[in-house]
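Here is a short briefing for a reader who works with coordinates. Please look over the structure first, then take the points by topic.

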Amino acid sequence: MAKDTPPRWDRRMQQRLARGEAAALGELYDRFASLVHNQAYRVLDDDDAADQVTREVFGYVWENPDAYDTKQGSMRAWMARLTNRQALHRLREQEAAAQSESGAGTAEELEQKVRRASVAARADYIVTSMPAPLRAALELAYHQRRDYRQTAADLGVTEDEARRRLRLGLQLLSTANTRALVEGSSPPGPGRTP
């Protein structure tokens, strides 16, 4: 489980990227490539397409380091937002091309598929963006099937604190369906024009 990135690291990384330090891009890639690829794969369900989105996201970051605003959250969260936006853009293009080629499917079916992928991407983004203590509690409870008592023991916190973390994490995740990422609701990113 990755730790939250300290804001000082985020600012320094942005400055290094703005100066054109290739080593900074390598460091950023080492830190976030699996996050970007996994989130793109979650939306696209295609390893090659996820690889392409990963390249596009890191290319965008390299060419536009000033697009990152430390006041809007961590670099980790920004990378997740860029990934989700680009993956949804690519999914819409792929599905529209497949529909026009086969002549099967409707615009409503296309939008439903994109909406489902958007909800999944939003859930991934929420988990990626939440503070490490909440993420850790959810990972223990849902991936390792721990109850709140076991989660508390594993995290070294009180049972009340474990319940609070789980409740807050679930409340955040519950917004994924109602506040799915919508094209055009975020600043420009890969696959977009300013």
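R163 is partly exposed, because its relative accessibility is 31%. Its side chain meets that of D160 in a salt bridge, at 2.2 Å from N to O. The model is a predicted one. The points below start with the overall fold, then turn to charges, loops and helix ends.

**Overall fold**

- The protein chain has eight helices and zero strands.
- Read from the N terminus, the order of elements is α-α-α-α-α-α-α-α.
- The protein chain has 194 residues, and buried residues make up 40% of them.

- A search of the whole structure finds ten salt bridges.
- One of them joins D160 and R163, with 2.2 Å from N to O.
- Both residues sit in helix 8, three residues apart, so about one helical turn separates D160 from R163.
- D160 counts as exposed because its relative accessibility is 53%.
- R163 has 31% relative accessibility, so it counts as partly exposed.

- E56 and R90 form a salt bridge, and their closest N and O atoms are 2.3 Å apart.
- E56 belongs to helix 3 and R90 to helix 4 (residues 75–102), so the pair ties together parts that are 34 residues apart in sequence.
- R90 is buried, because its relative accessibility is 17% and the cut-off for buried is under 20%.
- E56 is partly exposed, because its relative accessibility is 22%.
- The two partners therefore fall on either side of the 20% cut-off.

- E159 and R149 meet through their side chains in a salt bridge, at 3.9 Å from N to O.
- E159 counts as partly exposed because its relative accessibility is 35%.
- R149 has a relative accessible area of 47%, so it is partly exposed.

**A salt-bridge network**

- Salt bridges link R16, R19, E21 and E27 in a network.
- As background, side chains of opposite charge can pair when their charged atoms come close.

**Negative patch and the loop at D45**

- D45, D46, D47 and D48 form a negative surface patch.
- D45 is placed in the loop between helix 2 (22–44) and helix 3 (47–63).
- D45 has a relative accessible area of 57%, so it is exposed.
- The phi of D45 is near 55 degrees, which is a positive value in a residue other than glycine.

**Around helix 7**

- R145 lies in the loop between helix 6 (132–143) and helix 7.
- R145 is not a glycine, yet it has a positive phi of about 55 degrees.
- R145 counts as exposed because its relative accessibility is 69%.
- A side-chain oxygen of D147 reaches to within 3.0 Å of the backbone nitrogen of R149, at the start of helix 7 (residues 148–155).
- R149 also takes part in the salt bridge with E159.

**Pairs separated in sequence**

- Q39 is placed in helix 2.
- Q39 is buried, because its relative accessible area is 3%.
- Q39 and A50 are eleven residues apart along the chain, and 8.1 Å separates their C-alpha atoms.
- L168 lies in helix 8.
- L168 has a relative accessible area of 31%, so it is partly exposed.
- L168 and M130 are 38 residues apart in sequence, and their C-alpha atoms are 9.9 Å apart in space.

**Checks on the reading**

- Which residue forms a salt bridge with R90? The partner is E56, in helix 3.
- Is Q39 buried or exposed? Q39 is buried, at a relative accessible area of 3%.
- Where is R145 placed? R145 is in the loop between helix 6 and helix 7.

Note on methods: Residues numbered from 1 in each chain as written. Predicted model: local features only at pLDDT ≥ 70, side-chain atom pairs only at ≥ 80, totals over all residues. Heavy atoms only, no water. Patch = residues over 30% accessible without salt bridge, like charges linked within 9 Å, V, L, I, M, F, W, Y side chains within 5 Å. Areas by Shrake-Rupley, 256 points an atom, 1.4 Å probe, with all protein chains shown as cover. Salt bridge = Lys/Arg side-chain N within 4 Å of Asp/Glu carboxyl O. Lys, Arg positive; Asp, Glu negative; His and termini not counted. Charge placed at Lys NZ, Arg CZ, Asp CG, Glu CD. Helix = DSSP H or I, 4+ residues; strand = E, 2+ residues; numbered from the N terminus. Buried < 20%, exposed > 50% of the residue type's maximum accessible area, 1.4 Å probe, protein only. Polar contact = N/O pair within 3.5 Å; in protein donor to acceptor, adjacent residues only side chain to side chain.
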